[in-house]
Amino acid sequence: MTLKDLNELVIITINNLKDHGVFPKENNHFDFKLELNFFGLTNPIEIFCKNFAKDILSFSNAHGGIIMLGIKDENGELTEIGLNENNLNLLSKIDLNLIAQKFEKITNVGVNIDLQLFQLGTRKFYYLLIEKQSQVLIPINEFVEYNLNKGEIIYRLSSKNKIANHSAQDFNNFLQMKSNEKNKEFMEIWSKVLPQMFDINPKEILIINPTNNKIYGFNGKDRILSSSEIEIDKTDQGVFNIILNAISAGEIGKISDDEGKPLYKIVGQVKSGAPREHISTTTLLTEIRKVAKYRISSVQLKILFKYLGWVDNENFSVENPSKDPTNSEYSEFIWLENFDKIKKSHKVVCSDKAIEKLVEIIDNKDLHMSIFSRNLKKNT
């Protein structure tokens with residue numbers, strides 16, 4: 001949706017709230033937030049980006065969206081509370097040109113957004129409009145301060161931010177969504193996207209279009225997406241259906257061309273579901289202490305996990321937690337590993353990639369107060 005489309009939709013939404021007290025449901029076009037998190041910062045642009053960077057990429061890569069600020073969402077129950085003075089003052093200082101410049105640095109592509117004040121009675125609110133982009137926006141580097149990872153494709157689906165290159169199924173969902181768009185040719189989009197994905201997840205992926213009997217794959221030499229004509233046997237015993245049944249991405253289903261629209265299927269997977277090499281959180285802490293400029297405790301390590309969004313609660317139990325505390329978006333760094341299915345023994349573990357990521361933040365003294373509520377001591 002364009003900014004014009006979104007503006008028309010938000011005006012109707014605000015009028016329905018004023019006249020009838022009726023909210024739209026939180027869906028692929030709407031999100032609601034009560035207030036901003038200031039993260040102990042004072043720079044309006046940084047605070048704005050830390051709150052909305054992921055959402056802006058998500059809506060831009062999907063169908064566009066509207067974030068309404070000052071509305072409480074508690075278990076699906078929406079209440080128009082209004083924004084306090086601190087929030088109102090900060091949002092009034094946002095320069096959208098500076099935001100667009102910031103995203104050009106993050107993704108090499110600007111974003112089209114609009115931020116406007118509105119009132120319901122005496123209470124004041126803001127809405128943020130995020131226009132759908134014809135290009136796929138992908139972080140070109142690590143942006144730890146905004147919880148953005150290099151090469152990560154974030155998009156909006158079923159009222160949540162999803163990562164397209166987290167799993168084969170997620171990738172297939174995003175692929176199908178993009179293949180149905182009329183404003184851009186499918187292969188034009190993905191010829192630009194896949195080279196960046198392969199920098200992060202260098203797995204073998206083939207994209208099959210059974211309607212046109214074509215198969216696409218990444219050409220590492222020329223760094224483009226190449227296609228070849230191929231006869232695709234769509235029967236149960238056809239070679240591609242046998243492959244699908246044999247690999248962990250088999251949930252994608254059978255190759256067919258009778259689903260009423262052009263069909264693209266992935267053979268292969270973006271991230272492996274097989275057991276992965278890992279280190280314990282104790283080993284992680286030991287390795288961090290060897291290289292970090294500042295000393296951190298095991299309790300502070302968990303706080304840092306929570307700050308990064310890797311876990312949902314810093315008070316989690318490492319061994320045999322009652323539920324998985326880790327966020328699947330960050331399974332590259334942390335996950336719940338099952339060791340004994342019968343005894344139900346499981347443990348939160350990390351990859352060695354987490355060391356560099358965490359040390360980068362620990363060594364940034366300016367973040368200590370906002371994360372740990374105190375300055376860390378120098379590592380001796």
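User: Strands here are DSSP runs of E, at least two residues, and helices are runs of H or I, at least four, both numbered from the N terminus. With that settled, where does E145 lie?
Analyst: This is a predicted model. In it, E145 sits in the loop that runs between β6 (123–130) and β7 (154–157).

User: How accessible is E145?
Analyst: Its relative accessible area is 35%. Buried means under 20% and exposed means over 50%, so E145 counts as partly exposed.

User: What does it contact, leaving aside its neighbours within four places in sequence?
Analyst: E145 is in contact with E46 and K50. E46 and E145 are 99 residues apart in sequence, while their C-alpha atoms are 8.8 Å apart in space.

User: Moving to α2. How far apart are its end C-alpha atoms?
Analyst: They are 25 Å apart. Helix α2 covers residues 44–61, and at 1.5 Å a residue its 18 residues should span 26 Å, so the two values agree.

User: And where is the kink in α2 centred?
Analyst: On F52, with an angle of about 55 degrees.

User: How many of the α2 residues are buried?
Analyst: 17 of the 18, so α2 is largely enclosed by the rest of the structure.

User: What does T13 touch?
Analyst: Not counting residues up to four places away in sequence, T13 touches V22, P24, F30 and M68.

User: Now α8 and α9. At what angle do their axes cross?
Analyst: At roughly 100 degrees, and the axes come within 11 Å. Angles of 65 to 115 degrees count as roughly perpendicular, so that is how α8 and α9 stand to each other.

User: Which residues meet there?
Analyst: From α8 (residues 281–291), they are T281, L284, L285, I288 and R289. From α9 (residues 298–308), they are S298, L301 and F305. The residues of this contact divide into 5 nonpolar, 2 polar and 1 charged.

User: Why might residues three or four places apart in a helix point the same way?
Analyst: An α-helix has 3.6 residues a turn, so residues at that spacing point the same way.

User: Last, the whole chain. How many helices and strands, and what share of residues is buried?
Analyst: The protein chain has 11 helices and 15 strands. Of its 380 residues, 47% are buried. Among contacts between residues at least 6 apart in sequence, 59% join residues at least 24 apart.

Note on methods: Residues numbered from 1 in each chain as written. Predicted model: local features only at pLDDT ≥ 70, side-chain atom pairs only at ≥ 80, totals over all residues. Heavy atoms only, no water. Axes fitted to C-alpha atoms, helices over the stretch in contact; angles between N-to-C directions. Parallel < 35°, antiparallel > 145°, perpendicular 65-115°, else oblique. Contact = heavy atoms within 4.5 Å. Nonpolar A, V, L, I, M, F, W, Y, C, P; charged D, E, K, R; others polar. Expected span 1.5 Å × (residues − 1). Bend = angle between axes of the 7 residues up to and from the residue. Buried < 20%, exposed > 50% of the residue type's maximum accessible area, 1.4 Å probe, protein only.
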